[in-house]
Amino acid sequence: MKFRALFDYNAFFMTKRLLFIFSLLLAACSKGDEMPKPQSRTQVAFVVCADDKSVDVIDLQSGAKIDSYSITSESDKFPQRISLSEDKTTLAIANPNYDFSLGHLGLHGKQYAGGVVLMDASNGNILSEFSLPIANYNVLLQDEEVWTALVSHSGRANVYTKSGALKHEMALDADPSNLLFNGNYAVVTSGESTFLQVFDREEKKLVKKVKVDIAPANVWEGYDDKVLITNAYDSSVNIVDLSELRVTDYFDTHFAPEHIVYNALQDEYWLCDKLGDKVRIYKKSEGSWAETQSIDFADKQPFMLAFFDMGKTAFLVNQKGNEVVFIDTNSKEIIRRTPIGAKPSGLALSE
């Protein structure tokens, strides 16, 4: 009986030892299979270039191009618009089969596929990519969700998982464009309507349609609770206060405005006049907004703008010029021009 007990005791500990070694090996394998977590990259601008199918990385301090990430090798893709996740670690890029620089009229009577690319902001590694049935204009990230609007006459905004599984659909007016987050709201305009459509981000339900000028082109980030709507058809800008869900200010332009950004330091609106090859600057005087200055970019097509360094410096993307331009917002003088990839079509700053 003593021999029997001793034998069981040794077998027990031998089994435990083998299980322990097996668990260490399993843990090591699991750790090696894990997808590395994306990291942030600070003080840079990310510019997506449609023809080069790349993301160029620009250092905001030196102004130099310091890196370039490949998006796709597919010749029939035209990546455009780029956004950063809230923690600045992940880039979200629309990757449609349609070149939106040709205008949305090219979509009529045809159907082009859309696409989403999620990329590690620190090194350009592709984290996820998937196709969509209809061309999309831009992509936004909300935690583990991917939001994008599909551009068609039966417009809709869809919410996907990061692997591309459809989670939710929201009906929109015909020909939606830029989807934007502001606080608890997601907002979008549609080219064949006269409303800004406001959705609750948590419940994914329509809160209100805010009346704006007919055929709005796009909605852009403003300041505080305000968003900015450009209208190429009416040559106007509407300012919508989302805390009141109504237009609280507006002004007319004598050109078709593209991108618009508010500079709080100078209390100015800077607008891209792509067809006129100018950046036009508006300031309020005697209760109304008026153009006070313009900066010429002959045959360069100013396309998108952003401010950094507490509003002291403007970062401009010239689409036809294939360049980014640094501008002093006080003197309006050009500080530096940096060549980038062909046909830049989106911009995101990590600052």
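Modeller: The model is a predicted one. In strand S18, Ser 236, Asn 238 and Val 240 point one way, and Val 237, Ile 239 and Asp 241 point the other way. On both sides these residues are buried.

Biologist: How many of the residues of strand S18 are buried?

Modeller: Buried here means a relative accessible area under 20%. Strand S18 covers residues 236–241 and is largely enclosed by the rest of the structure, because its buried residues number six of the six.

Biologist: Which residue of S18 is the bridge partner of Val 227?

Modeller: Strand S17 (residues 226–231) runs antiparallel to S18 and is joined to it by six bridges. The two strands form a hairpin with four residues between them, and in the turn Ser 235 has a positive phi of about 50°. Within this pairing, the partner of Val 227 is Val 240.

Biologist: Which residue of S19 is the bridge partner of Ile 239?

Modeller: S18 is also joined by six bridges to strand S19 (residues 246–252), again in antiparallel fashion. S18 and S19 form a hairpin with four residues between them, where Leu 245 in the turn has a positive phi of about 55°. The S19 partner of Ile 239 is Asp 249.

Biologist: Which strands stand at the edges of the open sheet of four strands?

Modeller: The order in this sheet is S8-S9-S10-S11, with antiparallel pairing. Two of the strands each have a single partner strand, so one side of each is left without a neighbour in the sheet. From one strand to the next, the twist averages 20°. The edge strands are S8 (136–142) and S11 (166–171).

Biologist: Which residue in S10 stands opposite Ala 149?

Modeller: Strands S9 (residues 145–150) and S10 (residues 156–161) run antiparallel and are joined by six bridges. Opposite Ala 149, the residue in S10 is Ala 157.

Biologist: Is Val 44 buried or exposed?

Modeller: Val 44 is found in strand S1 (residues 44–49). Leaving aside neighbours within four places in sequence, Val 44 is in contact with residues including Val 57, Leu 60, Ile 66 and Leu 349. With a relative accessible area of 1%, Val 44 is buried.

Biologist: How are the rings of Phe 315 and Phe 326 arranged as a pair?

Modeller: The whole structure holds 14 aromatic pairs. In the pair of Phe 315 and Phe 326, the ring centres are 5.2 Å apart and the planes stand at 85°. Planes over 60 degrees apart count as edge-to-face. The arrangement is therefore edge-to-face.

Biologist: Which residue lies over the face of Phe 181?

Modeller: Two cases of a charge over a ring can be described. Lys 53 lies over the face of Phe 78, at 5.0 Å from the ring centre. For Phe 181, the distance to the ring centre is 3.9 Å, and the residue is Arg 201.

Conventions: Residues are numbered from 1 along each chain as its sequence is written. This is a predicted model: local features need pLDDT of at least 70, side-chain atom pairs count only at pLDDT 80 or more; totals for chains, interfaces and linings use all residues. Side-chain values use heavy atoms; hydrogens and water are left out. Two strands pair if DSSP finds at least two bridges between them. Axes are lines fitted to C-alpha atoms, for helices over the stretch in contact, and angles run from 0 to 180 degrees between N-to-C directions. Buried means under 20% relative accessible area, exposed over 50%, partly exposed in between (1.4 Å probe, protein chains only). Contact means heavy atoms within 4.5 Å. Rings of Phe, Tyr and Trp (its six-membered ring) pair if their centres lie within 6.5 Å; planes under 30 degrees apart count as stacked, over 60 as edge-to-face and the rest as tilted. A charge sits over a ring if NZ of Lys or CZ of Arg is within 6 Å of the ring centre and within 35 degrees of the ring normal.
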